[in-house]
Amino acid sequence: MVSKTVVETCLTLIIESKFSEAREMVLQTFENTTSERTRGARFAIEGIISKFSGKGDQSLDLGHNAARLRTVINRKISSVWSDDFDKGYFSVWKEFIKLLTKSGHIGTQKSVVKNPRKEEQHDET
């Protein structure tokens, strides 16, 4: 299994939008792996790079979906039906969400007002 430090470094490069460096690190580090868990981690990192390095919506902010996504990932990891590949894959996504939270990328977009009565009202009459 590839060390947690290598995975964190790859994910940090992605968060910093250094996609080519992250791709290069994945190619060098995960090249000759036979472990299913490591293969799952590689697929997750490559998928994250593809998602956020492409054209279109490149926002790393998962908004209010982050908590739900974290819950679903935890269920997948702990499921008896998850094999080593799944555990490697979802562990990387869990770490990615954790790093996004630490870096302030999650929850930076303004969401729906919780209690509209407490918001200031401006009438133009």
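Helices (H or I, at least four residues) and strands (E, at least two) are DSSP runs, numbered from the N terminus. By that definition the protein has five helices and zero strands, and its elements run α-α-α-α-α from the N terminus on. This is a predicted model, in which local features need pLDDT of at least 70, side-chain atom pairs count only at pLDDT 80 or more, and totals for chains, interfaces and linings use all residues.

**Overall picture**

- Of the 125 residues of the protein, 30% count as buried, where buried means under 20% relative accessible area, exposed means over 50%, and partly exposed lies in between (1.4 Å probe, protein chains only).
- Among the contacts with a separation of 6 or more, 67% come from residues 24 or more positions apart, a contact being heavy atoms within 4.5 Å.

**Aromatic rings**

- The structure holds four aromatic pairs, and rings of Phe, Tyr and Trp (its six-membered ring) pair if their centres lie within 6.5 Å, with planes under 30 degrees apart counted as stacked, over 60 as edge-to-face and the rest as tilted.
- One of these pairs joins Tyr89 and Phe90, whose ring centres are 5.2 Å apart and whose planes stand at 85°, so the pair is edge-to-face.
- Within this pair, Tyr89 counts as partly exposed at 28% relative accessibility, whereas Phe90 is buried with a relative accessible area of 18%.
- Trp93 and Phe96 form another edge-to-face pair, 5.8 Å centre to centre and with 85° between the planes.
- Both Trp93 and Phe96 lie in helix 5 (residues 84–103), three residues apart, about one turn of the helix, and both are buried.
- Ring pairs also link Phe52 with Trp93 and Phe96 into a cluster.

- The 18 residues of helix 3 (residues 36–53) should span 26 Å at 1.5 Å a residue, which agrees with the 25 Å between its end C-alpha atoms; the expected span is 1.5 Å times one less than the number of residues.
- The buried residues of helix 3 are Thr38, Gly40, Ala41, Ala44, Ile45, Ile48, Ile49 and Phe52, and what covers them includes helix 1 (4–15), helix 2 (19–29) and helix 5.
- Helix 1 and helix 3 pack with their axes 10 Å apart and at an angle of about 5°, where axes are lines fitted to C-alpha atoms, for helices over the stretch in contact, and angles run from 0 to 180 degrees between N-to-C directions.
- Helix 1 and helix 3 are therefore roughly parallel to each other, since angles under 35 degrees count as roughly parallel, over 145 as roughly antiparallel, 65 to 115 as roughly perpendicular and the rest as oblique.
- Where these two helices meet, Val7, Cys10, Leu11 and Ile14 in helix 1 face Ile45, Ile48 and Ile49 in helix 3.

**Two individual residues**

- Glu95 has its place in helix 5 and is buried, with a relative accessible area of 9%.
- Apart from neighbours within four places in sequence, Glu95 is in contact with Lys4, Glu8 and Leu11.
- Ser17 is found in the loop between helix 1 and helix 2 and is partly exposed, with a relative accessible area of 48%.
- The phi of Ser17 is near 60°, a positive value in a residue other than glycine.

Terms used. Residues numbered from 1 in each chain as written. Heavy atoms only, no water.
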